[in-house]
Amino acid sequence: TVWTFGQIANSDGGNTFYVVTRIENSFGHHIDIEYDGITSSDLKKITDSLGRTVTFNISNNKLTRITVKNANGSNVYYDYTVNTFSTGYYRLDKFEPPELDPVTYKYESGTASKYSLTEVNTSFGGRMTYEYELQNFYHSTYTYCTRVVKKKTIRYSSSGTVYTWNYTYPSYHNAAEGTVVVNGPLFDTEVVYHAYTVETPWKIGLIKSKRYTDGSYYQETEWQPFQISWNEWYVQSKNMGTIKAPLRSKITTTVKGDATGVTQYLYQRAGTTKYG
């Protein structure tokens, strides 16, 4: 596959970069990509080897419509309603596919840096809602407060049952690991993450295991460090040791009714500068 970067575009920060103008495979099939303006990175049109086109309409940096010309030569339209928070950030409010009811999206108010998605209403009467809360997480003795998903609901049709998932999180305070629990309508999911320890600070935030409480699934991940720099790394004045990259070394997966599977990762490191 050959990617041709045949045009230079400008970023909002004044930097220049190349954008792809053609992608061609080994059979000679290709798509050509046009941009809106000589130095713009806004997509304008994609044309394939059969003459089919996808056209993008962008107004004031907001996508308003995608037009697709199918194999019969007919145009199919996908319309987008993109509005703006009071702080200037964009948000997708509505997507209108052809011959279906629109999909609508709702968000938090945008005040106090709250922009999260709260509601999705689908073309077929389905609905997803999200609730959030503040949660304290510890890095050694230091506290970080962040917003997390507290609750999710899904209804697959306008008259369907509403299914609920509730999320709880550990603080990781004075612990080598912590478990995130998702209470679901059919079973719960438990995911264990590594926390900060003096012995293995490079493991912080990495997944250790995941399981379904109905016994249908369990997966455990093992890690090993790779030294990428002898410089020391500090987080909130806490010495994390020399800089190491985490590499997966082993994943063990057990699925109900199936044999346990083990995937091992081997890295080319000894006596060479290559790794991966």
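**Figure 1. Phe 137 is buried, with a relative accessible area of 19%.** Buried denotes under 20% relative accessible area, exposed over 50%, and partly exposed the range in between (1.4 Å probe, protein chains only). Tyr 169, at 22% relative accessibility, is classed as partly exposed. The model is predicted: local features need pLDDT of at least 70, side-chain atom pairs count only at pLDDT 80 or more, and totals for chains, interfaces and linings use all residues. Residues are numbered from 1 along each chain as its sequence is written, and side-chain values use heavy atoms, with hydrogens and water left out.

**Figure 2. The protein contains 10 aromatic pairs.** Rings of Phe, Tyr and Trp (its six-membered ring) pair if their centres lie within 6.5 Å; planes under 30 degrees apart count as stacked, over 60 as edge-to-face, and the rest as tilted. One of these is the edge-to-face pair of Phe 85 and Tyr 115, with 5.0 Å between centres and 80° between planes. Phe 85 belongs to the loop between strand E9 (75–84) and strand E10 (90–96), and Tyr 115 to the loop between strand E11 (103–107) and strand E12 (117–121), so the pair ties together parts 30 residues apart in sequence. Phe 85 is buried at a relative accessible area of 7%, whereas Tyr 115 is partly exposed at 26%.

**Figure 3. Phe 137 and Tyr 169 form an edge-to-face aromatic pair.**

**Figure 4. Four aromatic residues form one cluster.** Its members are Phe 85, Tyr 89, Tyr 107 and Tyr 115.

Figure 5. Helices (H or I, at least four residues) and strands (E, at least two) are DSSP runs, numbered from the N terminus. The radius of gyration is 25 Å, whereas a compact globule of 276 residues would have a value near 19 Å; the radius is taken over C-alpha atoms, and the globule rule is 2.2 Å times the number of residues to the power 0.38. The C-alpha trace spans about 60 × 60 × 45 Å along its principal axes. Of the 276 residues, 25% count as buried.
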